Amino acid sequence: HEAAGIVESVGEGVTTLKPGDACIPCYQAECFPEDQASDHCPRCRGYRVGKTNLCGKIRAFTGQGVMKAGGVRFRAASDGLELFHYMGTSTFSQYTVLHEESVAKIRQDAPLEKVNLLGCGLATGWGAVKNTAKVEADSIVAVFGLGTVGLSVIEGAKNAAAKRIIAVDLDPKKFDLAAKFGATDFVNPKDYDKPIQQVLVDMTG
């Protein structure tokens, strides 16, 4: 569900995008500004509490893998079997079909091979730091797994002024990159004979 691309065509009534626009598909759809301004969203009042990426108008449809206009837009090349949309994005394909609410327009010169991570991985990591854990300055943060999400957590924790950021992974080759993102300590659980949680307690007092 992480991708970036160029709008090939738009359906009737689409006003926020046009062919040629660079964009990122978003499986969590954004409330439209007019819905927020008029306060009439039929299913969700998420924008009232800062959760504008939980558009209630299409959430039920994306959860079922269908379009709000009805049905699906994909069929198997082999036998014509209908295929459900995945997380409202279906990005494991050269072309996909999205709800307008599920498309974020981006700068035309944005590098598509990099900004695709904004669709989930980077936002998930930063969101975990800012919105879920609410990391404060001088905190000690442990990050398990140093993939896209983990590295984003590290970067977010550094931005939040955490004093120690402990990177935990079974692959020590990932530690150098984690350091560039802001990790201060590195732990490979395979190097210890005790549970990793005890290792972290011993490290942090």
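Two strands are taken to pair if DSSP finds at least two bridges between them. In this predicted model, strand S7 (residues 164-168) meets that criterion with S8, the two pairing in the parallel sense over three bridges. Within this pairing, alanine 167 has phenylalanine 186 of S8 as its bridge partner.

S7 and S8 belong to an open sheet of three strands, ordered S6-S7-S8 and paired in parallel. Strand S6 (140-144) and strand S8 (185-187) each have a single partner strand and stand at the edges, so one side of each is left without a neighbour in the sheet. On average, neighbouring strands of this sheet are turned by 20° against each other, direction ignored. Across S6, S7 and S8 lies helix H7 (residues 196-204), which runs at about 155° to S7.

The UniProt record, an unreviewed entry, lists residues 149-198 as "domain: Alcohol dehydrogenase-like C-terminal".

Another open sheet consists of three strands in the order S1-S2-S5, and here the pairing is antiparallel. Its edges are formed by strand S1 (5-6) and strand S5 (103-105); each has a single partner strand, so one side of each is left without a neighbour in the sheet. Strand S2 (residues 22-25) pairs with S5 in the antiparallel sense over three bridges, and proline 25 stands opposite valine 103 in S5. In general, strands of a sheet pair through backbone hydrogen bonds, either parallel or antiparallel.

Notes. Residues are numbered from 1 along each chain as its sequence is written. This is a predicted model: local features need pLDDT of at least 70, side-chain atom pairs count only at pLDDT 80 or more; totals for chains, interfaces and linings use all residues. Side-chain values use heavy atoms; hydrogens and water are left out. UniProt positions are given in the numbering used here, feature names are shortened, and annotations may be inferred rather than shown by experiment. Helices (H or I, at least four residues) and strands (E, at least two) are DSSP runs, numbered from the N terminus. Axes are lines fitted to C-alpha atoms, for helices over the stretch in contact, and angles run from 0 to 180 degrees between N-to-C directions. Contact means heavy atoms within 4.5 Å.
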